[in-house]
Amino acid sequence: RLLVLSGKGGVGKSTVAVNLARSLAAQGKRVGLLDVDLHGPSLPTLLGIVGQDIEQEDGLLQPLICEGLRVISVGLMLAQPDEAIIWRGPRKMSLIKQFIENVAWGELDYLIVDCPPGSGDEPLSVCQTIAEPDGAILVTTPQEVALVDIRKSIGFCRKIGLPVLGLVENFSGFVCPHCQTATPIFDQGGGERLAAEQSIAFLGSIPLEPEIRAASDCGQAFGDRRNAAVRAMEAVVRRVVAITERT
């Protein structure tokens, strides 16, 4: 049971969560993917399942099966994809509790929980509902404005006793699709330096590549594309598996 967290939005946290889940499923793991970003659910778009519905059977929500993943997202429960959710904390906490306790998840090796940015109601509700989550994977970009916020996420995890499995540096250089040269648009190495400073594991750097953006917007997997971002994501997954199976 792994929470994917970020200190701020726009760092590619949901993309990391989805492709972590995809990679684990490709290894034969039984994987659930839970989207608790209630105000900005991205998983339906990233998985190409916008407009599909979640059904209920025997009082339990039935996760949507997609690419071998068992998926639950509030984005699959809206009458219109553009509908805004304007809820206060108690109602959000109630839905998250339902997503965890009243879903026919079945036997899982991994439950990946995509949380909204920051340290608010949603990740706190997940931690209070799941008995002893295994840890958090933190996603940041290299520039200081993102690192300031991810430090708060580290502090949040430590205050509530949630183990930090490691930190991913996303958008770590732009790879030119023509010459394959990497340019550090958002700087580079900030995540690795922060991980060392905070004594947490550094899971890897993932570069920014246009075809990854295009595939994500179309809800397509890119695990079969032999580019630097795919290789970097595979390395992150190997480290996550090594840490979780060791503990």
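This is a predicted model: local features need pLDDT of at least 70, side-chain atom pairs count only at pLDDT 80 or more; totals for chains, interfaces and linings use all residues.
Ser73 belongs to strand 6, which covers residues 69-73. Its relative accessible area is 0%; because buried means under 20%, Ser73 counts as buried. Beyond its neighbours within four places in sequence, Ser73 is in contact with Pro41, Pro44, Ile54 and Phe99 as well as Asp35.

Ser153 sits in helix 5, made up of residues 144-160. With a relative accessible area of 4%, Ser153 is buried. When residues up to four places away in sequence are left out, Ser153 touches Ser6, Gly7 and Leu138.

Asp187 is found in a loop, with strand 10 (182-183) on one side and helix 6 (190-198) on the other. Setting aside neighbours within four places in sequence, the contacts of Asp187 are Pro142, Gly173 and Arg193. Between Asp187 and Val236 there are 49 residues in sequence and 20 Å in space, taken from C-alpha to C-alpha.

The accessibility of these residues is listed below.

| Residue | Relative accessible area | Class |
|---|---|---|
| Ser73 | 0% | buried |
| Ser153 | 4% | buried |

Definitions and conventions. Residues are numbered from 1 along each chain as its sequence is written. Side-chain values use heavy atoms; hydrogens and water are left out. Helices (H or I, at least four residues) and strands (E, at least two) are DSSP runs, numbered from the N terminus. Buried means under 20% relative accessible area, exposed over 50%, partly exposed in between (1.4 Å probe, protein chains only). Contact means heavy atoms within 4.5 Å.
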